[in-house]
Amino acid sequence: MHNHHSALGLVRDLKPVEPVTLVRPHAARRAARFFADHFPGKTLYAVKANPSPDLLRVLWDSGVTHYDVASIAEVRLVARTLPEATLCFMHPVKAEEAISEAYWTHGVRTFSLDTMDELEKIVRATEGAADLNLLVRLRVSSDHSKLSLAAKFGAEPEDVAELLMAARQAADALGICFHVGSQAMSPHAYAVALERVRAAIVAASVTVDIVDVGGGFPSWYPGMEPPPLKAYFDVISRGFESLPISYSAELWCEPGRALSAEYSSLIVRVEKRRGDELYINDGAYGALFDAAHVGWRFPVTLLREPNAEVSVTMEAFSFYGPTCDDLDHMTGPFMLPDDIQAGDYIEIGMLGAYGCAMRTKFNGFGAEHVAVVSDEPMESLYVGALADTERRSATITKLF
Ligand SMILES: Cc1ncc(COP(=O)(O)O)c(C=O)c1O
């Protein structure tokens, strides 16, 4: 166990040769509490965003009782980590064996689907069970989102009525779900999708018990500053209230990014500088997959002793990761002091969602240490912008 007062203190004391993941349980706790207090329905955590058992336990302790799982491995993980949790198998295309194990071994009762074939699979694998919650996934637009989820899944408008009627026959509770795409930059995305839900209910004339607005709730990244989450909740609440559904119908959401992004950041070391390119020790095959593959920009801070006598000019840099291929390149731009050099350390923020979860050990890199810190994330949708001094008053309580 090591104790430090700050990320900078950790770097000063340990000079870590490998990347160090900083985790902030208090940030995840705050995000979970925010959803519990303000989302006008039930919150399921989308485990794919970050399946860390430590994070799952933090969310559970903060009142998140339902988990959106997408694979049998995620089902097993959550069942093992949180035996009391309610699991919802929300991948619309599942192996029949996975449905069977989820239902018979792990008590999963909630499944999503977007075709008749999948409905038949679920009915077969559960032997016509009478206690199923079946959610039909609609295809909706990803126009307002940074990462599209519009191509792969979702029933088309012309097929929805028949599918809803068939699912109604097989379900104890019938639901409709959708995903507006990840990092939705406007609440309007949900208003448009809920209009699709209305049209589907009218076309099928079925009683709908659950409306699940999926994930897509944003976090904060450079160049992607979203409106406050409350604005999203207000739009969803209004859209839900106006649907032709019974008074007792439930509203659900499945945030991944919004609950986990602020949980983690990463300390990396600069191994080489070549002009405005920095060679760092994590990259496309590590926690920076999105930075490399979809040009995502993450906030960065140089971890160096402050020196009032030196005036700093910021410059735009790109990063190369540690592996041997050219693809391991993050264009950024990442704004850092112009005198940064090999041996310096950088903290890369907001990597709790789809960062830490995507790591590989390709090329022998990817070994890492984890430290729990109690300072604030570089940015927060939950506490607003923070002064530099507040952000950097870290207390590292654990290093393992
Ligand atoms: C079915 C489903 N629900 C929820 C999520 C979480 O989305 P986000 O992280 O954008 O909130 C995803 C992400 O791919 C998903 O596929």
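In which strand is V370 found? V370 is found in strand β18.

## Model and conventions

This is a predicted model, in which local features need pLDDT of at least 70, side-chain atom pairs count only at pLDDT 80 or more, and totals for chains, interfaces and linings use all residues. Residues are numbered from 1 along each chain as its sequence is written.

Helices (H or I, at least four residues) and strands (E, at least two) are DSSP runs, numbered from the N terminus. A residue is called buried if 20 or more other C-beta atoms lie within 10 Å of its own, exposed if 12 or fewer, and partly exposed in between, with C-beta atoms placed from the backbone.

V370 counts as partly exposed because it has 15 C-beta neighbours inside 10 Å. From V370 to I210 the separation is 160 residues in sequence and 39 Å in space, C-alpha to C-alpha.

A7 is found in helix α1 (residues 7–14). With 23 other C-beta atoms within 10 Å, A7 is buried. A7 and P227 lie 220 residues apart in sequence, and their C-alpha atoms are 29 Å apart in space.

## The barrel

Eight strands form a closed barrel in the order β2-β3-β4-β5-β6-β8-β10-β11, with parallel pairing; two strands pair if DSSP finds at least two bridges between them. From one strand to the next, the twist averages 25 degrees, where axes are lines fitted to C-alpha atoms, for helices over the stretch in contact, and angles run from 0 to 180 degrees between N-to-C directions.

Four bridges connect strand β3 (residues 66–69) with β4 in the parallel sense, and V69 has F89 in β4 as its bridge partner. Strand β8 (residues 173–177) has four of its five residues buried. On one pairing, β8 and strand β6 (residues 133–137) are parallel over five bridges, with L174 in β8 as the bridge partner of L134. On another, three bridges join β8 to strand β10 (residues 210–212), again in parallel, and I176 stands opposite V211 in β10.

Which residues of helix α5 (residues 96–106) are buried? They are I99, A102 and Y103. Seen down the axis of α5, these buried residues fall within an arc of 85 degrees, so they line one face of the helix; the arc is that of the directions from the helix axis to the C-beta atoms. An α-helix has 3.6 residues a turn, so residues three or four places apart point the same way. E97 and T105 are exposed on the other side of α5. The buried residues of α5 pack against α4 (72–81), β4 (86–89), β5 (110–113) and α6 (116–125), contact being counted when the C-beta atoms of two residues, placed from the backbone, lie within 7 Å. Just after α5, G107 takes a positive phi of about 75 degrees.

In α6, the buried residues are E118, L119, K121, I122 and A125. Viewed down the axis of α6, they fall within an arc of 160 degrees, so they line one face of the helix. D117 and R124 are exposed on the other side of α6. The cover over the buried residues of α6 includes α5, β5, β6 and α7 (157–170).

## Backbone geometry in loops and strands

E127 counts as exposed because it has 9 C-beta neighbours inside 10 Å.

Y354, also not a glycine, has a positive phi of about 55 degrees. Y354 lies in the loop between β17 (345–348) and β18 (369–373). Is Y354 buried or exposed? With 22 C-beta neighbours inside 10 Å, Y354 counts as buried. A cis peptide bond, with omega of about 5 degrees, joins G332 and P333, and P333 is found in strand β16 (residues 329–337).

## Ligand shell

The ligand is surrounded by 18 residues, and the closest are A46, S182, G215, G256 and R257; a residue is near a molecule or strand if its C-beta atom, placed from the backbone, lies within 6 Å of it. By class, this shell holds eight nonpolar, six polar and four charged residues. Ala, Val, Leu, Ile, Met, Phe, Trp, Tyr, Cys and Pro count as nonpolar, Asp, Glu, Lys and Arg as charged, and the others, Gly among them, as polar.
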